[in-house]
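Student: I am new to this structure and would like a close look at one part of it. Could you take me through the main nonpolar core and the strands that go with it, step by step?

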Amino acid sequence: MYNEHIKLLGGEHMLISYKFKNFCSFDQEAEFDLLAPANKVKNRFPDNYIQTDAGYDILKTAVVIGENAGGKTNFINSLFFLKSLFENNKVVRAHKGLININHTDIPSDKKPCTPQEFDIQVVGNTGTTYHYKLQIDEYCIVSEEFSYKKDKSSREKIVLFLERDKIDIKDVDKRITINVNYDLSVKNSKREIEEIYARPTHSNENVGLFITKIALLGDEHAMEFISWMNDRLIVESQSSDYSLYREWQNVEEDVRIIEDPRFLDILRMVDYSICDIEIDEEKPFRNSRIVRKTKAGKSFSRELKSDSGGVREFFAWAVQLFRVVYEDKVIFADEMDRVINPILAERIVAFINGKEHRGQFIFSSHNVLHLDLKNYMKEQIYFVTKNRDSLNSELYSLADFPEIRYETAKVYEFYMKGILGGTAFE
């Protein structure tokens, strides 16, 4: 119900930054942000960023480059996991298979493992900046903090601060007794928090995120942030066949987009002979027919399942591109251009940057032609590399290399030589 209220407000709703730690191949903190540089370089790329009312200049697109099994998917999956905790108030704890290998062994005294950490900052629908931090271990929440500020220059105000300061674990029934320190700005909510922790808690009990509880208790800031996580952020993790993956989803909203004439304009980027779509509402990503017209004016159609792999794949991704440009969604896409021609990939980025909107598109790729400082700022290009000895991944930006200048014509040559990292080790 509160989500419906927030949707009516409109606004900016963009991602500023995201950090995480101790997730899969990432041991140390990985930091990803979408802030345009605070110098004159951004004047060369006026279409690549948005000036927000909150005072931030935020990038519309970013690409993450790296070798196979380097950690690109783990980066995107970390955000997918964080988002999942906001859906249906799931059990909040770390899963052993998602903890970095350096932290999976439980010490002999049965103390919890090193916590996983997540930290995200966004501009909300009302222009307010929200900052959410979460630490979890294999038992439950270690700490949770939520704050906001009206604009970039303001100080953050705490809405929720909760920290577990003691945990006693009994092996017999795996009951957990927790002492908690907390600070809440929501009136009449401390009693509810105290009641939750007044009793021993089973390790598998659905406690859920506390930000969802204070949202239900009426805190508007929590309501707005949760709406952002649930409704604005879309994380599409890797699938061997994305078009097939889309068939398994709820297609009602997808069909609405495919019926929009603007969707056809996006689809035609893959093949300008396409002139129409005959939509199959039951299986739009399989049985819809793509209509083409020859130069002589002759028309013919083909079911999507019988079309080329590139067209099928792009048909599915075009739905998400529509959401970015026309619905201001923030989308993370794993290997979006896996089967897409490099020229088409460049068209996609140019299309997103060239439209006026407040959506964002972040995607991983193996296409080194994205290493182009004529189309991207250095802050829009990220690398993921894996250490050959520790097998730990690292995330960093091209902006971390001051020796790489915008006059450098072929950044990909530095990459292929291993100077920038992110290439397969021996």
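Tutor: What follows is a walk from the whole chain to the core, and then to one strand and its surroundings.

This is a predicted model, in which local features need pLDDT of at least 70 and side-chain atom pairs count only at pLDDT 80 or more, while totals for chains, interfaces and linings use all residues. Residues are numbered from 1 along each chain as its sequence is written, and side-chain values use heavy atoms, with hydrogens and water left out.

The secondary structure comes to 11 helices and 19 strands, where helices (H or I, at least four residues) and strands (E, at least two) are DSSP runs numbered from the N terminus. Of the 426 residues in the protein, 54% are buried; buried means under 20% relative accessible area, exposed over 50%, and partly exposed in between, with a 1.4 Å probe and protein chains only. Among contacts between residues at least 6 apart in sequence, 64% join residues at least 24 apart, contact meaning heavy atoms within 4.5 Å.

Now to the core itself. A nonpolar core is a set of buried Ala, Val, Leu, Ile, Met, Phe, Trp, Tyr and Cys residues joined through side-chain atoms within 4.5 Å. The largest one here has 118 residues, and those with the most contacts inside it are Ile120 and Phe332. Helix α9 (residues 309-327) gives the most to this core, with 11 residues. In soluble globular proteins, nonpolar side chains tend to be buried together.

Take Ile120 to begin with. Leaving aside neighbours within four places in sequence, the contacts of Ile120 include Leu15, Leu79, Tyr132, Phe225 and Met229. Phe86, which lies in the loop between α2 (72-84) and β6 (116-123), is buried, with a relative accessible area of 4%. With neighbours within four places again set aside, Phe86 is in contact with residues including Tyr132, Phe225, Met229 and Asn230. Phe86 and Asn230 are 144 residues apart in sequence, yet 6.9 Å apart in space, C-alpha to C-alpha.

Phe332 leads us to strand β16 (residues 330-333), from which Val330 and Phe332 point one way and Ile331 and Ala333 the other way, and all are buried. In a regular strand the side chains alternate between the two faces of the sheet.

Strand β16 has partners to follow as well. Strand β12 (residues 233-236) pairs with β16 in the parallel sense over 4 bridges, two strands being paired if DSSP finds at least two bridges between them. In that pairing, Ile234 stands opposite Ile331. Strand β17 (residues 360-365) also runs parallel to β16, joined to it by 4 bridges, and here Phe332 stands opposite Ile362. Between β16 and β17 the chain crosses through helix α10 (residues 342-354), and this β-α-β crossover is right-handed, a term used if, with the strands pointing away from the viewer, the path from the first strand over the helix to the second runs clockwise.

Glu335 sits in the loop between β16 and α10, and its phi is near 55 degrees, a positive value in a residue other than glycine. Glu335 is also buried, with a relative accessible area of 11%.
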